[in-house]
Every structure is written in structure tokens, then in C-alpha cells.
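Dear colleague,

Please read them with the model open beside you.

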Amino acid sequence: MAAMDFFEHQAVAKRNTRLLVILFGLAVISLLALTALLVAAVTGGMHASQQTPGQAESFTLQWDIVIAAMGMTLSAISLAVLYKWSQLRGGGRIVAEALGGVRLSPDSRDPLERKILNVTEEMAIAANMPVPPVYLLKNEAGINAFAAGYSPRDAVIGITRGCAENLTRDQLQGVVAHEIAHILNGDMRMNIRIMAILNGILFISHAGYLLLRTGMFSRRNDKNPLPFIGIGLLIIGAIGILFGNLIKAAVSRQREYLADASAVQFTRNPDGIGGALEQIGALQKSGAGSRVESKNADEAAHLFFGQAVNKMMSVFATHPPLSKRIKRVRPSWDGTFRANSAQQLKKELQSEQAETSKSKDDAKQDKRKKAVLNTILTGAVLGAGESGGRVAGSAIPVSAALRDEVRQQQGAEAIIFAIALSADAAVREKQMALIREQHGDEMATRTLNDYAQVQDLPLEERLPLVELSIPALKTFAEQDARAILATLHDVLAADEQITLYDWCLGQIVRRYVLAQFAPNKRVPLVQTRFVSDAEYSLSVLAHYGHPNSKQDSDAAFHAGARHFQKKLAPFSHTKFSFGDLADVLDRINEWTPQNKERMVNAWLTCAEYDGEITVVERKLLTALSACIGEPIPESSLERSK
């Protein structure tokens with residue numbers, strides 16, 4: 001199967017967004033015109049006139065009234081859209097909480113919750129992205145899930161109780177892979193835009209209902225135009241909602257096919273997502289299926305894995321028919337919906353509980369660790385092998401003790417501090433004094449204990465710990481999170497010099513932890529600095545990849561520049577500023593998916609110019625890609641092996 005091109009799918013999502021804006025724009029213009037004509041007709045802005053006896057009557061518009069009505073309607077719709085946008089500004093967690101989701105603690109010992117968390121960890125690591133927070137919709141018996149947010153940095157994944165209880169582990173992997181595909185394909189931002197725009201259109205109906213109620217209780221009902229305007233707005237609003245839902249459904253159905261295909265590519269197991277869809281069909285016999293009971297389910301229906309709200313007509317369905325989706329991933333399916341046996345599900349849950357409570361055999365752990373590490377470092381998912389159809393990243397490449405530590409709130413904090421500690425005893429003592437002063441003796445002791453376990457890990461093996469720590473770090477309140485990040489900065493700067501390793505660690509943690517507090521931050525000068533930002537980022541990568549040879553550094557730069565398909569010139573700095581690089585990445589993060597694809601592939605071409613990707617280059621590639629929320633494609637060197 002050909003590799004899924006996430007950048008191509010992001011571009012499709014971007015084009016769909018433009019189409020969405022155009023179609024909704026036309027819908028809004030039509031609503032404005034109808035509303036203006038309604039107001040003009042009721043208030044005297046439109047009247048019939050007859051020039052001569054016997055001549056047909058013609059209608060004359062008073063354009064001042066029509067324009068005023070259009071202006072008021074446009075202002076009302078815009079305010080409603082902005083209001084909803086401001087409500088959703090908090091990103092994925094706001095959407096999850098509105099749907100009744102409860103955030104799962106990363107260190108939960110509940111077998112069902114552990115099953116969800118483990119699968120999410122595995123799939124996120126396989127996708128080369130930090131683990132997103134997980135929300136459980138405990139009151140939902142249907143099989144469903146969703147991803148919400150503006151970018152991978154503030155994304156969350158929601159899982160219904162029915163999804164966790166009725167699916168096998170492989171099937172749940174398929175569902176989570178589908179949602180991670182939505183994250184990487186750039187669908188989430190468009191989903192939030194749809195919710196905001198539909199709220200603006202819905203406001204017309206709300207306004208009509210309010211005017212109708214007000215007019216009905218008026219003492220001058222015989223001359224009061226409000227009831228007539230109210231009825232008219234209710235009708236116009238209903239028409240707007242009708243076409244808005246048609247547009248939403250049409251765009252959503254195509255994106256579901258893309259995410260299904262991506263899930264198969266992630267897991268190399270079509271029976272995973274195919275089986276999950278089959279379970280929805282089996283559960284429909286009891287009435288649950290994929291239905292979501294939340295009062296906010298309708299406005300968020302396009303976010304879900306399955307059809308969350310039943311529709312009378314297929315044109316309004318936000319998802320393709322189950323049979324078509326299953327046939328696309330499992331062409332040999334016979335059309336029968338077979339439910340999983342209760343015994344099989346119970347056995348899997350007991351196995352998950354047993355795995356949580358005991359450590360793995362060291363030899364087996366080392367073997368699986370190597371497979372996962374290869375997946376993380378190449379950004380590609382390996383084919384199914386001994387794991388029986390699971391992705392290669394189905395184990396965490398750390399000891400059981402560290403794995404448990406990083407899932408706890410205080411443990412994740414200690415792990416991040418421990419990874420930042422210097423190998424030099426004098427510098428480390430200074431760093432420990434900072435931690436003790438700002439976070440107390442208990443945290444300092446915990447950090448030292450964790451340092452004893454991570455100090456001998458190779459740099460590239462520390463990345464999974466950072467990725468796994470993100471969910472626990474995101475459970476801190478903003479003030480506490482910023483205090484931790486401030487301490488991390490002080491610890492990294494304790495030796496009065498920021499190394500490449502220090503910068504990479506600080507950037508990955510800071511960007512992902514703070515994203516939930518400011519997920520939709522605006523960045524200036526994106527287009528103005530387009531060429532210079534590409535030049536600067538490539539120059540940094542070329543310099544650190546070939547620090548001892550300017551000739552090789554320039555050659556690596558030009559190899560990447562050719563792939564970027566732009567005439568670029570390397571920066572001549574002998575010492576680059578990490579502060580400037582952070583600003584550059586902020587602007588690159590706002591580029592279009594197509595330009596991000598070119599940039600990431602240019603970085604990769606630059607790194608593999610000399611036939612190998614060193615640990616330093618791989619580390620920098622990981623940080624650069626994480627900072628702009630993109631996966632690292634599989635390199636040509638890995639494909640040739």
C-alpha cells in the first residue's frame with residue numbers, strides 16, 4: 001500500500017476550507033438579501049406603484065432601508081460567529097468538555113481507561129507526535145470518538161464509553177489512528193470554523209423566534225410588524241440551516257474516507273478500523289450504534305468517527321454509509337455485521353490489567369524497545385510482524401518504573417527536570433539548587449531519583465519520555481505550568497550556555513504545554529519573512545549537521561534549497577541565535593500545508609545529503625517538525641534499507 005501523504009490531505013482540507021468559505025459566503029449573501037427584502041416589505045421599504053392607468057404594477061425599493069437591514073443582519077451574524085469562535089478559542093479541551101467528556105488521568109489504573117490511554121500513547125508515538133490528552137464520554141453507550149483542536153499541539157481525543165467497552169484493542173487502535181489522521185490532515189481547524197459559521201446562520205432563526213414572541217405579547221398586535229418579521233426570519237433561518245448542513249455534510253463525508261485510509265496506513269491492519277465500523281453496525285440492533293446523546297452533539301456531529309446524530313435523509317448525513325466505509329478498507333467483507341463476543345472483550349481487558357500491574361521481561365522489553373524507537377525516529381510505521389497486526393509502536397521504550405512515573409503529574413514534572421540536568425556534577429548541583437528553591441525538597445529528591453534512571457539513556461531514547469510526559473504536564477493549571485517552564489528554562493541556562501539539546505527540549509515542552517492556553521495565536525510577518533525564514537532554518541540544520549566543514553554545510557544547504565524549489569542563499573553566521581530560530585518557526589507554523597511540506601522535505605534532504613542522518617541532525621529534525629506541528633516523512637535512506 002502506498003504511503004499516505006498527510007501534506008496532500010492537509011492541502012485537500014485547505015481547499016475544502018476555501019470551498020466551505022465560498023459556499024457559506026454565498027449562503028450568507030442569500031440570507032442577507034432575503035432578510036433585507038423581508039424587512040423592506042414589512043416596514044414600507046418596498047411598495048407597488050403604477051405609472052399610468054392600465055399599466056402593470058411595479059415594485060420600488062427604498063434602498064436606504066434595504067441597505068440598513070442588510071447591514072444589521074450582517075452585523076448580527078458576524079457577532080454570533082465571533083461569539084462562538086471566542087467560546088471555542090480554548091481549543092480541543094473546550095469542545096471535549098462541551099460534549100460531556102471527562103479528562104482521563106494519564107496514570108489511571110482503571111483497566112478500561114488504561115486500555116484507552118495505552119492505545120493513544122502507542123498511536124501518537126507511531127505518528128511521531130506528543131501524546132494528546134484523552135477525554136472519556138462516560139455517559140455515551142454508542143461507539144464513537146473525535147479529535148478536536150486547532151493544531152497537534154492543543155489537540156485532544158475523545159472516546160465514548162461504548163467505544164472502549166465494545167471494541168477489541170486492535171479495533172480501538174483503528175479508531176484512534178483515524179482520529180490522529182484527522183489531526184495530521186489539518187481537519188480540526190476547519191471543523192471549529194464550521195461550528196462557528198453555523199452558529200451565525202442559526203442566529204437568524206433565534207432572532208426570528210425572539211421577535212415573534214415579543215410581537216405576540218405586544219398590546220398593538222394589529223399594527224405591530226414584529227410577528228411578521230419573526231415568522232419570516234424563522235423561515236429564512238431554516239433555509240440557511242438547511243443549506244449549511246448540506247454543505248457541512250458534503251465536506252465531512254469526503255474527509256472521513258481520507259481518515260479511514262490513513263488509519264489503515266498507520267496500523268497496517270484494515271481489520272482494525274473495518275472491525276470497529278462493523279461493531280457500530282452490530283450495535284445498531286440495540287439502538288445505540290454510534291449515536292451520541294449529548295445536547296451539543298448536533299453542532300459537533302462532523303467531528304465524530306461515526307454518525308453521531310440520526311438524519312432522516314442521507315444528504316444530511318455527516319458520514320458515509322457504514323457498508324461503503326467497510327468495503328473501502330475490507331473489499332472482501334460479506335456484508336454481515338458480527339458483534340465481538342463478550343468473552344473475548346473480557347479476556348482482553350484482564351490482559352490489559354495484568355500488563356499494567358507487572359513489569360515486562362527485560363529481553364522482550366529490549367526487543368520491543370528497538371522496534372518502537374525505529375518507528376519514532378523515522379516517523380514511519382513498520383509493518384505488522386510478531387505483534388500480530390498491531391503497530392510497531394505498541395510498546396513504550398522505557399522501563400516500567402519510568403513509564404509509570406511519566407504518567408503522573410508530579411512524576412512528569414520530575415522527569416522533565418531530570419532530562420534537563422547536566423552530566424557535569426558542579427553544574428548539576430547548581431541546577432538542583434534551583435529546583436529545590438522553586439519547587440521544594442520533595443521535587444528535588446524525586447528529580448534526582450529519576451536522573452539516576454535516565455542519565456545513561458542515549459539522547460534519542462529520551463524523546464519518548466518527553467512525548468509521554470505531555471498529557472500529565474497539560475493537567476497543570478496555567479500558573480503552575482508556566483512556573484514549571486520557567487524553572488526548566490533556568491535549569492537549562494544554569495551553565496550560562498544553551499546547547500542544541502537544551503533548546504530542542506525546551507521548545508518541544510514549551511510549545512505543547514502552552515498550546516492549550518493560547519491555541520490560536522496570531523503571528524505577524526509570516527509572508528514578509530517567507531524566504532528568509534526558509535533560509536535561516538535550513539542554514540541552522542546544515543551548520544549543525546556539518547559544523548567542521550563550511551563546504552559540506554553549504555552543499556547540504558543547497559541540496560535542501562533545490563528541494564524547496566526556491567532560490568535561497570545560506571546565512572553566513574558562525575553562531576546562530578536560538579531565539580531567532582524560535583521566531584522563525586513561529587512564522588513557518590503559519591504557512592500553508594503545501595509550503596510546510598516543501599520545508600520539511602527540504603530539511604530532510606539537507607540532513608541526508610551525505611548519506612547518513614546523525615543523532616544531532618535527527619534531534620534537530622524532530623524539534624523543527626514538532627515546532628510546526630508536522631510529522632517527519634520517512635527518509636530515502638530508511639526506504640532503501
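Where in the chain is the place of Arg 268? Before I turn to that, please keep in mind that this is a predicted model. Arg 268 sits in the loop that runs between helix H8 (226-267) and helix H9 (270-283), and although it is not a glycine, it has a positive phi of about 55°. Its relative accessible area of 35% makes Arg 268 partly exposed. Leu 525, likewise not a glycine, has a positive phi of about 65°; this residue belongs to the loop between helix H18 (500-514) and helix H19 (530-545), and with 41% relative accessibility it counts as partly exposed.

As for the charged side chains, the structure holds 20 salt bridges. One of them joins Arg 161 to Glu 165 at 3.1 Å, N to O; these two residues are four apart in helix H5 (residues 161-166), and are therefore separated by about one helical turn.

Another salt bridge pairs Arg 325 with Glu 256 at 3.8 Å, N to O. Because Arg 325 lies in helix H10 (residues 322-329) and Glu 256 in helix H8, this pair ties together parts that are 69 residues apart in sequence, and both Arg 325 and Glu 256 are buried.

Arg 330 and Glu 278 also form a salt bridge, at 3.0 Å, N to O, which links distant parts of the chain, with Arg 330 in the loop between H10 and helix H11 (342-357) and Glu 278 in helix H9, 52 residues apart; Arg 330 and Glu 278 are both buried. Finally, a network of salt bridges links Arg 114, Glu 121 and Arg 407.

Note on methods: Residues numbered from 1 in each chain as written. Predicted model: local features only at pLDDT ≥ 70, side-chain atom pairs only at ≥ 80, totals over all residues. Heavy atoms only, no water. Buried < 20%, exposed > 50% of the residue type's maximum accessible area, 1.4 Å probe, protein only. Salt bridge = Lys/Arg side-chain N within 4 Å of Asp/Glu carboxyl O.
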